[in-house]
Each structure stands twice: as structure tokens, then as C-alpha cells.
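Subject: Structure handover

Hi,

Here is the structure for your files. My notes on rings, charges and helices follow below it.

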Amino acid sequence: MSGQRPNIIFIVADDLGYADLGCYGGREAAFGPVSPVLDQLAANGLKLTQGYSNSPVCSPTRFALMTARYQYRLRGAAEEPINSKSRGSTTLGLPPEHPTLPSLLRASGYRTALMGKWHLGYPPAFGPLQSGYDEFFGPMSGGVDYFTHCSSGGQHDLYLGEEEKQQDGYLTDLITDHALDYVQRMAPGAQAGAPFFLSLHYTAPHWPWETRDDEALAQEVKTNLFHLHGGNIETYRRMIHHMDEGIGRLMALLEKQGLAHNTLVVFTSDNGGERFSDNWPLVGGKMDLTEGGIRVPWIAHWPAVIAAGSESAQTCMTMDWSATMLDAAGVPAAPDYPLDGRSLMPLLRDASGVAVHDEPPLFWRMNHRGQRAMRQGVWKYLRVDDNDYLFNLSQDERERANRAPVEPERLQAMREAWEAWNASMPAIPGDATVSLGYSAKDYPQR
């Protein structure tokens, strides 16, 4: 690794399933490979097979991404997720005074930008420019139409900085275009040793189910962006492909500017897949603490450090990657806000690294269905609807063989460890909300 600090690009898809990408076993679409660019990034970098999101739903994961700490420490992250009813709230968002990944990087000399989804509270109390980003383009809320750029409440929700931005176009492509413009403008400085940090947070493949060719659907779904009556697997895969094409354009620009070698590019999803996603062999999806709701793709590409063809079964979660980016940039945590995430730099330098049983435990909790989970080594403790389970994930990734009745002591030890961890976190407030856009009346649940 050169002495020059890396540029960092953190790419986050929205509701992408564990096996939606070809490099994670995803099937080809009728039009061909779904994710050729991301597949190549994985082949030329590091692919993790046991990586997780901090939550099975959007905004809580984004709190962890921004702070490199368990999201449960902040009131806004108790919302599952933040919804449009929180407009005007001064409590349901990322507090501007809290140190963040971009604010810490910016204080150390990085130029910073978010192109894409924010979903961490609404102006004027909250916003990207108040939490460490120099520049912002994208929606503030959780879901917007790809053509009208309106949220589920019918409000226009596309911003440039702190001002609304009226701009025609397919949102995935607009996010890509603004990211390319940013990198183009930052390139001379980066070549001269002034690095940049770009959060590239796509809304794809989140509903509504619209490809570049589906502008006519915008009027059809404007009163219900959940798009419960439409969509299909091919449309969903095309939406992923549009994002993949944009990432390809970004990587080509980095190459052209001579920046690809010393740019850390990390790709993931904010949570597990939704209606049309492929989570095989995992069970469950968004809103679930079963593996399909929290295990997600993790790809890292950094030719200066990461050997091509690297793969690892080391466990990690979103906040670990935020800690890793700070470490890669040589930036310490704020003294009063110690990180919960751990740096994965040793893994990036040598993916043959850490044995699974030596890794620290990972913890989750959800207000929805009273869920809780703990992963330690190959073992997972899970509670859903007051039922406790124990799974050996090395033998049973589908969480079908409950070991709790035959290993009660292990179950008890993990339950006590989870409860001790939970006692160290603020309690879930009584007014915290769970927002479900659909149920068994809309389509049969597993």
C-alpha cells in the first residue's frame, strides 16, 4: 500500500437479496447476466460469504453505517423504519452533533459527498450536509418513484444540497450521473493527494418495480409506491442490472483518471431481499432476523491492498466496514463516541486470516415480532414471536434444524450473552413504530 491515503467509495444497494448477484449464485436473467460488473469486482477483489447488515430494514442499518456504532444507541434508529410521518420531527433522525464516518473523514482532509438515499431524518432538523457531507444529491425518504421522484405521500423528494431539485430522468441513472460528475471534479485533487469519500447509495432495487422503460407506471403507482399489484422477477433483475451498469461507468472513470488502484470500493445492501429477491439458501427477508433478512453481499475492491480472487467466511456487519474505512484513512474515532464496529483491515491485507470461532459475537434486535439474534462462530441464537431457536449455521444455513432442545446449555449461555448485551443498550422506546407496507392479505407469507 502506498503512503497516499485511499479514496473511498461506499456503494449501498437497497433491499438486495443475498443471492441476487451472479457472484453469489444468482441465476441469469432472460437478458443475460444480471450483475457482470459487480461479479468482476468480486473476482478482482474480496468477496465475503458471511457478512451481515446491522438491521433487516433500511434506516436502522444506515444509522450504523454512518456512526460505526450499534444503531440502538440512537432514538431515530428505533423506528423500523423512519417513515414520512416523522417529517418535522426533531428527534427521529441522525443528530448533527454525532460524529459520523463522513464528518470524521472530512475533519481529516477528505472531500465528502452522498449521492443517493439518505433516510436518516428530514430537514430542517436533519440532513446529509449537517452530518459530514460537503455535497448531496438524492431523496431524503425511504422510497421514491424512479420517474416522478415523489415519496409515498406524493411529495416531491429529490434534493441537490438542501434545495429541492427538479430533474427529469430515471433515478438510478441520475444517481450514477451525479456520482460520475463528483468523481470527475474530485479527480485532479485526488491525483495530487487530496482524497475523497463518496457514499453512493442507490434506491435500486427497492420498489416501485420500474425499469428505464416503465415511466408509464409512475402514474399508476403514485398513490401506493409499495406497488403491491405489480412487478416480476425479470423487472427486478433489470433494475439491478441498471445499477450494475452505473457502477461499471464509475469504475471505468476511476481507471481513466488513474485512481482505481488506490480507491477502496465497498459494495453491500442495507438489508436482505424483498418480494422478488433471491436469498437462496437462506430463509426470510426484509424485516426478519432469520439469515435472509440480514445476510447480504459484501464485496471490496482495492488493488493496492486486496489480492484478486480473495474470499472469506469471516463474519462482519455494516458498522465494521465503516470502522474499516476510518482505519484505512488513518482516522481515529471521536473520544466520546467509541466505535462498536471493528476494523477489517487485517482481512483486506490477507483474506486467509481469522478463524470463524475467534471472532467477536454479533447482536441484533427488532421491535417487530419481538425478534432477537446473536451470531458467534458457527452458532446463532434467534427469537421470533417468543420462540427461541438455536442453529449451527455451518451445517444448516436455512435455519430448519433447531438445536435448542438437544443443546439447552448452549442455548442458555447465548441467551444470557444476548441479554447482557441488550442491557448495555438503551431500551426500545414505547412510542417506537413498526411500519409494514404489506402483509399476508397482499400475498402469502412463508
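**Charges over rings**

The charged end of K47 sits over the ring of Y24, 5.1 Å from the ring centre. R295 does likewise with Y18: its charged end lies over that ring, 5.5 Å from the centre. The rule here: NZ of Lys or CZ of Arg within 6 Å of the ring centre and within 35 degrees of the ring normal.

Some ground rules. This is a predicted model, where local features need pLDDT of at least 70, side-chain atom pairs count only at pLDDT 80 or more, and totals for chains, interfaces and linings use all residues. Residues are numbered from 1 along each chain as its sequence is written, and side-chain values use heavy atoms, with hydrogens and water left out.

**Aromatic pairs**

Rings of Phe, Tyr and Trp (its six-membered ring) pair if their centres lie within 6.5 Å; planes under 30 degrees apart are stacked, over 60 edge-to-face, the rest tilted. That rule gives 18 aromatic pairs. Y72 and W421 are edge-to-face, because their ring centres are 5.4 Å apart and their planes stand at 80 degrees. This pair links distant parts of the chain, 349 residues apart: Y72 is in the loop between α2 (58-67) and α3 (101-107), W421 in helix α10 (residues 408-423). Helices (H or I, at least four residues) and strands (E, at least two) are DSSP runs, numbered from the N terminus. Both Y72 and W421 are buried, meaning under 20% relative accessible area; exposed is over 50%, partly exposed in between (1.4 Å probe, protein chains only).

W209 and Y236 are also edge-to-face, at 6.0 Å centre to centre and 70 degrees between the planes. W209 is in the loop between β7 (196-201) and α5 (217-221), and Y236 is in helix α6 (residues 233-256). W209 is buried at 2% relative accessible area. Y236 is buried too, at 2%.

There is also a cluster: Y70, Y72, F363, W418 and W421 form one.

**Helices**

Helix α8 (residues 318-328) is largely enclosed by the rest of the structure, because 10 of its 11 residues are buried. Among them are D320 and W321. G330 follows α8, with a positive phi near 70 degrees.

The axes of α4 (residues 171-191) and α6 come within 9 Å and cross at roughly 10 degrees. Axes are lines fitted to C-alpha atoms, for helices over the stretch in contact (heavy atoms within 4.5 Å), and angles run from 0 to 180 degrees between N-to-C directions. The two helices are therefore roughly parallel (under 35 degrees; over 145 is roughly antiparallel, 65 to 115 roughly perpendicular, the rest oblique).

Best regards
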